[in-house]
Amino acid sequence: MRVLLDACVPQDLRHELDPHETVTAHYAGLAHLSNGKLLDAMAGAFDVLVTTDAQLPTQQNLDGRPLAVIVLRAGGIRLPDLLPLVPSLLRALDDVQPGEVWIVES
């Protein structure tokens, strides 16, 4: 699975997502894009966007897009806040399908 971590997700979370090929929006040069343009730029290059932006699924239509979105919800958005979600996130990455939005929360 080719995973893009949104700019709002701590970059070091990528180290927790093996065996998935995980790249940060900063590294991919996509951190400056708004949500809609980010989803357009991801098409064909990534399978899943992992974000902490809870508004993204209601603001963007995923119908017909060849990717999925996983929203992380925890007590905060720092790495220590998100680490307890990693086991559930890994399961979600194995099961999510294009066009779906999954919420992973504590």
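Residues are called buried here when their relative accessible area is under 20%, exposed when it is over 50%, and partly exposed in between, using a 1.4 Å probe and the protein chains only. By this criterion, buried residues make up 41% of the 106 residues in the protein. The structure is a predicted model, in which local features need pLDDT of at least 70 and side-chain atom pairs count only at pLDDT 80 or more, while totals for chains, interfaces and linings use all residues. Residues are numbered from 1 along each chain as its sequence is written, and side-chain values use heavy atoms, with hydrogens and water left out.

The protein contains 5 helices and 5 strands, taken as DSSP runs (H or I of at least four residues for helices, E of at least two for strands) and numbered from the N terminus. Along the sequence, these elements follow the pattern β-β-α-α-β-α-β-α-α-β. The radius of gyration, taken over C-alpha atoms, is 12 Å, close to the 13 Å given by the globule rule for 106 residues, so the protein is as compact as a globular protein of that length; the rule itself is 2.2 Å times the number of residues to the power 0.38. Along the principal axes, the C-alpha atoms fill a box of roughly 30 × 25 × 25 Å. With contact defined as heavy atoms within 4.5 Å, residues 24 or more positions apart account for 54% of the contacts with a separation of 6 or more.

Gly-36 lies in helix α2 (residues 35-42) and counts as buried because its relative accessibility is 17%. Leaving aside residues up to four places away in sequence, Gly-36 touches Gln-60 and Arg-65. The C-alpha atoms of Gly-36 and Gln-59 are separated by 8.6 Å, with the two residues 23 apart along the chain.
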